[in-house]
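The sequence and the coordinates are shown first.

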Amino acid sequence: MKKFFSDFKKFISRGNIVDMAVGVIIGTAFSAIVTALTNKIIMPFINLLLSIGGENGLEAAVTVLKPAYVDGALDLANSIYIDWGAFITAIINFFLIALVLFLILKAMMATKGISNKIIKEYPTRAERKELKAMGIVTKERKVLIEATKKLRESKIPAPAPKAPTTEELLAQILTELKKSNENNFSMTEETTKEA
């Protein structure tokens with residue numbers, strides 16, 4: 001039982017779970033805002049445009065499958081019908097939520113990229129110590145960033161010598177073998193002359 005609770009505690013305390021919970025809460029609140037925007041601001045304009053032709057807007061966009069009449073008038077509460085207006089409203093909600101989320105994420109990614117760039121420009125603690133030892137004032141931002149850049153460039157190691165390709169290695173081996181064969185051939189000729 002202790003293992004179960006310790007595993008549960010680890011699961012809950014992970015950052016991803018907390019991020020997901022915050023996302024769900026914000027998403028719920030955000031959905032309510034977009035629904036209100038659609039129903040209270042955008043849909044009246046759409047209904048106004050649709051009512052110019054004489055209809056009552058999207059509210060009248062229904063297909064009655066089984067009508068029910070009360071006092072000779074159609075009673076939608078007791079009828080079976082397809083509500084096209086509600087469906088179109090839900091589609092508009094979806095596209096509005098997707099658009100706003102896209103814009104928010106795009107703005108967040110842009111600010112994150114800018115902040116990451118700024119963070120990368122500033123020196124680490126070890127680099128600050130080195131800069132202070134070199135006598136560079138670290139209170140002026142431009143001087144600090146430029147000095148950090150030069151310090152990092154000076155620490156970049158020289159590129160390693162290029163390793164020979166397989167063809168180059170085989171060519172070297174071939175030349176060594178030829179030299180070895182020539183030496184062996186000349187040694188055998190000398191021994192035959194002596195004999």
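The text below moves from the overall fold to a helix, a loop residue and the aromatic pairs.

**Overall picture**

The structure is a predicted model. The protein contains six helices and four strands. Read from the N terminus, these elements follow the order α-α-β-β-β-β-α-α-α-α.

The protein has 195 residues, and 13% of them count as buried. Its accessible surface amounts to about 16,300 Å², and carbon and sulfur atoms account for 67% of that surface. When contacts between residues at least 6 apart in sequence are considered, 38% of them join residues at least 24 apart.

**Helix H3**

Helix H3 covers residues 84-121 and has 38 residues.

The N-terminal end of H3 is capped by aspartate 83. A side-chain oxygen of aspartate 83 lies 3.3 Å from the backbone nitrogen of glycine 85. Gly85 is itself buried, and so are Thr89, Ile92, Asn93 and Leu96 of H3. In an α-helix there are 3.6 residues a turn, so residues three or four places apart point the same way.

**A loop residue with positive phi**

Aspartate 71 is found in the loop between strand S2 (69-70) and strand S3 (73-74). Although aspartate 71 is not a glycine, its phi is positive, at about 55 degrees. Is this residue, aspartate 71, buried or exposed? With a relative accessibility of 81%, aspartate 71 counts as exposed, because the cut-off for that class is over 50%.

**Aromatic pairs**

The count of aromatic pairs comes to two. They are listed in the table.

| Pair | Centre to centre | Angle between planes | Arrangement |
|---|---|---|---|
| Phenylalanine 4 and phenylalanine 5 | 5.5 Å | 75 degrees | edge-to-face |
| Phenylalanine 94 and phenylalanine 95 | 5.4 Å | 65 degrees | edge-to-face |

In the pair formed by phenylalanine 4 and phenylalanine 5, phenylalanine 4 is exposed, with a relative accessible area of 52%. Phenylalanine 5 has a relative accessibility of 49% and therefore counts as partly exposed. The cut-off between these two classes is 50%. In the other pair, phenylalanine 94 and phenylalanine 95 are both exposed.

Note on methods
Residues numbered from 1 in each chain as written. Predicted model: local features only at pLDDT ≥ 70, side-chain atom pairs only at ≥ 80, totals over all residues. Heavy atoms only, no water. Helix = DSSP H or I, 4+ residues; strand = E, 2+ residues; numbered from the N terminus. Buried < 20%, exposed > 50% of the residue type's maximum accessible area, 1.4 Å probe, protein only. Contact = heavy atoms within 4.5 Å. Areas by Shrake-Rupley, 256 points an atom, 1.4 Å probe, with all protein chains shown as cover. Phe/Tyr/Trp six-rings, centres within 6.5 Å; stacked < 30°, edge-to-face > 60°. Expected span 1.5 Å × (residues − 1). Polar contact = N/O pair within 3.5 Å; in protein donor to acceptor, adjacent residues only side chain to side chain.
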